[in-house]
Amino acid sequence: MGFKAKANAHRKATSGDEKKKDKKNEGTLPCAVNDCDNWADKKMKGRSLSLNDAEDMWGDGEFTIRKGRVRVCKKCYRAWKKDAEDNMEY
Ligand SMILES: [Zn+2]
């Protein structure tokens, strides 16, 4: 009786699925405004604006549309909000 030794291929399942939590300053969603380098992630207080709102503020083609919305960083949102408020007060 001979046992057939099966060569077990010991392979470690290496799925590159490591969570990136160490970098606080990096997000996943870049700000939609073209000349802005900030992140628009929710955890970074990013907000999403409607297309019309973004066009009023930055102009057509100056930002990236994502699923019909314009995701902007905190800074851009504030700028937009300030602008919108200024327009309201007359
Ligand atoms: Zn921005």
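Helix H2 (74–88) comprises 15 residues and spans 21 Å from its first C-alpha to its last, close to the 21 Å expected at 1.5 Å a residue, the expected span being 1.5 Å times one less than the number of residues. Helices (H or I, at least four residues) and strands (E, at least two) are DSSP runs, numbered from the N terminus. The model is predicted: local features require pLDDT of at least 70 and side-chain atom pairs count only at pLDDT 80 or more, whereas totals for chains, interfaces and linings use all residues. Residues are numbered from 1 along each chain as its sequence is written.

The buried residues of H2 are Cys 76, Tyr 77 and Trp 80, where buried denotes 20 or more other C-beta atoms within 10 Å of the residue's own and exposed denotes 12 or fewer, with C-beta atoms placed from the backbone. Viewed down the axis of H2, these residues fall within an arc of 100° and so line one face of the helix; the arc is that of the directions from the helix axis to the C-beta atoms. Lys 82, Glu 85 and Asp 86 are exposed on the other side of H2. The cover over the buried residues of H2 includes strand E1 (47–49), H1 and E2.

In the protein chain, the elements follow the order β-α-β-α from the N terminus, and buried residues account for 20% of the 90 residues. Ala 32 touches, among others, Ala 54, Phe 63 and Val 72, residues up to four places away in sequence being excluded; contact requires C-beta atoms, placed from the backbone, within 7 Å.

Conventions. Contact = placed C-beta atoms within 7 Å.
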